[in-house]
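I opened a new model today and kept notes as I went.

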Amino acid sequence: MEVIAGGAPCPHLEAGVAATIGFFDGVHRGHQGLIDSTRKVAAALGSRTAVVTFDRHPATVVRPESAPLLLTDLDQRLERLEDAGVDVTLVLPFDKARAQESAEDFVTEVLLRCLAARAVVVGADFHFGHRRRGNVAMLATMGTEHGFEVHGIDLAGTGDAGAGPASSSRPISSTAIRRALAAGDVATATAMLGRPHEVRGVVERGDARGGSELGYPTANVAVPAAIQLPTAGIYAGWYIRPDGQRHAAAIALGWHPTLAPTITAPRLEAHLLDFDGDLYGEEARVSFVARVRDEARFDSIGALMARIDADVAATRRLLGVGQGDQKKSRTVRSTWSSW
């Protein structure tokens with residue numbers, strides 16, 4: 001996928017494109033359906049499929065006091081867009097000037113002069129430009145004047161199958177996914193995303209108590225504050241290393257009230273099943289497959305250890321991972337912290 005980002009000169013793609021527009025946070029199943037429709041239009045026209053997106057969420061500029069947390073950072077969005085079959089992604093800086101830009105100017109400068117759009121495919125309720133005055137009807141009017149097609153489509157709902165026709169059962173949106181995660185409902189988030197929710201961060205040094213005291217070392221993953229996490233609790237999921245190795249993991253997310261009652265921000269700590277190695281400083285990817293239980297405070301280390309045993313067993317069942325080499329090393333060279 002060709003990425004045109006930042007202040008790079010617009011290439012003006014002579015062959016033209018079928019383009020869709022949006023922030024695409026999460027690149028969820030609704031987005032995937034929209035991109036699939038755009039690809040079909042592009043194929044019929046013999047052109048490339050393009051996405052126009054932004055380097056930051058527009059709300060961070062327009063209404064920063066209520067800007068949402070993000071499901072994906074920019075790198076993740078670009079990866080997901082490429083996976084969805086996009087040929088060209090134009091990443092526009094979103095600043096105060098862009099927020100003041102009229103819908104008509106956006107169409108002229110971006111869709112026509114830059115991308116030479118032959119078709120524009122957007123959601124039926126799509127709005128854009130200053131004061132959100134641009135919509136499908138306005139696009140259709142400009143399309144008639146300048147010779148590009150306009151397709152307004154209904155976005156997918158969850159339904160009973162994959163992305164496809166719209167369903168009234170549960171409309172898919174980035175906001176709905178954030179709400180599901182905030183409630184700890186990672187199953188609903190997975191259904192809407194089409195994959196488990198994944199967060200990324202660097203493995204940092206923790207309190208070094210999980211391995212030394214409990215026999216369950218954990219990698220302390222520092223997730224950027226702008227990223228949406230599920231609510232506090234214990235989860236079953238996967239830890240993916242930079243080289244692509246995937247490890248089943250019991251994930252403790254939250255305030256860790258038994259061993260770290262004074263922390264001021266939630267921590268994400270992943271115990272990699274049947275793993276002994278050095279993780280310090282590496283970029284980790286952690287995905288949430290199933291919720292095991294709520295976070296709880298235990299009256300003793302013994303009670304906590306017994307519950308962790310049960311959590312790890314539950315993680316194995318939920319992920320379909322058999323009993324492996326369960327060495328509980330007390331000298332592991334990695335970022336091990338508290339449960």
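**Entry 1: a helix on the barrel**

I started with helix α8 (residues 186-193), which lies across β7, β9 and β12 and runs at about 125° to β12. For the record, this is a predicted model: local features need pLDDT of at least 70, side-chain atom pairs count only at pLDDT 80 or more, and totals for chains, interfaces and linings use all residues. Residues are numbered from 1 along each chain as its sequence is written, and side-chain values use heavy atoms, with hydrogens and water left out.

Helices (H or I, at least four residues) and strands (E, at least two) are DSSP runs, numbered from the N terminus. Axes are lines fitted to C-alpha atoms, for helices over the stretch in contact, and angles run from 0 to 180 degrees between N-to-C directions. Contact means heavy atoms within 4.5 Å.

Next I looked up the strands under that helix. They belong to a closed barrel of six strands, β7-β8-β11-β10-β9-β12, with antiparallel pairing. Its twist averages 45° from one strand to the next. Two strands pair if DSSP finds at least two bridges between them. I checked one case: β7 (residues 197-204) and β8 (residues 219-222) are antiparallel and share three bridges. Val 203 has Val 221 in β8 as its bridge partner.

**Entry 2: the open sheet**

In what order do the strands of the open sheet run? I read off β1-β4-β3-β2-β5-β6, six strands with parallel pairing. At the edges are β1 (2-5) and β6, each pairing on one side only. Here the twist averages 20° from one strand to the next.

I then followed two of the pairings. Strands β2 (residues 17-21) and β3 (residues 48-54) run parallel over five bridges, with Ala 19 opposite Ala 50 in β3. Strands β5 (residues 117-123) and β6 (residues 149-153) are also parallel, joined by five bridges, and Ala 119 stands opposite Glu 149 in β6.

With helix α6 (residues 136-146), β5 and β6 make a right-handed β-α-β unit. Right-handed means that, with the strands pointing away from the viewer, the path from the first strand over the helix to the second runs clockwise.

**Entry 3: helices against the sheet**

I found helix α3 (residues 74-83) lying across β1, β3 and β4 (88-92), at about 155° to β4.

Which residues of helix α5 (residues 103-114) are buried? I listed Ala 103, Phe 106, Val 107, Val 110, Leu 111, Leu 112 and Cys 114. Buried means under 20% relative accessible area, exposed over 50%, and partly exposed in between (1.4 Å probe, protein chains only). These buried residues pack against β2, β3, β4, α4 (96-100), β5 and α6. I reminded myself that an α-helix has 3.6 residues a turn, so residues three or four places apart point the same way.

Just after α5 I stopped at Ala 116, which takes a positive phi of about 50°. Ala 116 sits in the loop between α5 and β5. Why does Ala 116 count as buried? Because its relative accessibility is 17%. Its C-alpha atom is 6.5 Å from that of Val 17, a residue 99 residues apart from it along the chain.

**Entry 4: rings**

I looked for aromatic pairs and found four. Rings of Phe, Tyr and Trp (its six-membered ring) pair if their centres lie within 6.5 Å; planes under 30 degrees apart count as stacked, over 60 as edge-to-face and the rest as tilted.

Phe 54 and Phe 94 are edge-to-face, 5.4 Å centre to centre with 85° between the planes. Phe 54 is in strand β3 and Phe 94 in the loop between β4 and α4, 40 residues apart. Both Phe 54 and Phe 94 are buried.

Tyr 235 and Phe 288 are edge-to-face as well, at 5.3 Å and 85°. Tyr 235 lies in β9 (residues 233-240) and Phe 288 in β12 (residues 283-293), so the pair ties together parts 53 residues apart in sequence. Both Tyr 235 and Phe 288 are buried.

I also marked a cluster in which ring pairs link Phe 106, Phe 126 and Phe 128.

**Entry 5: the whole protein**

To finish, I noted 10 helices and 12 strands. Of the 339 residues, 50% count as buried.
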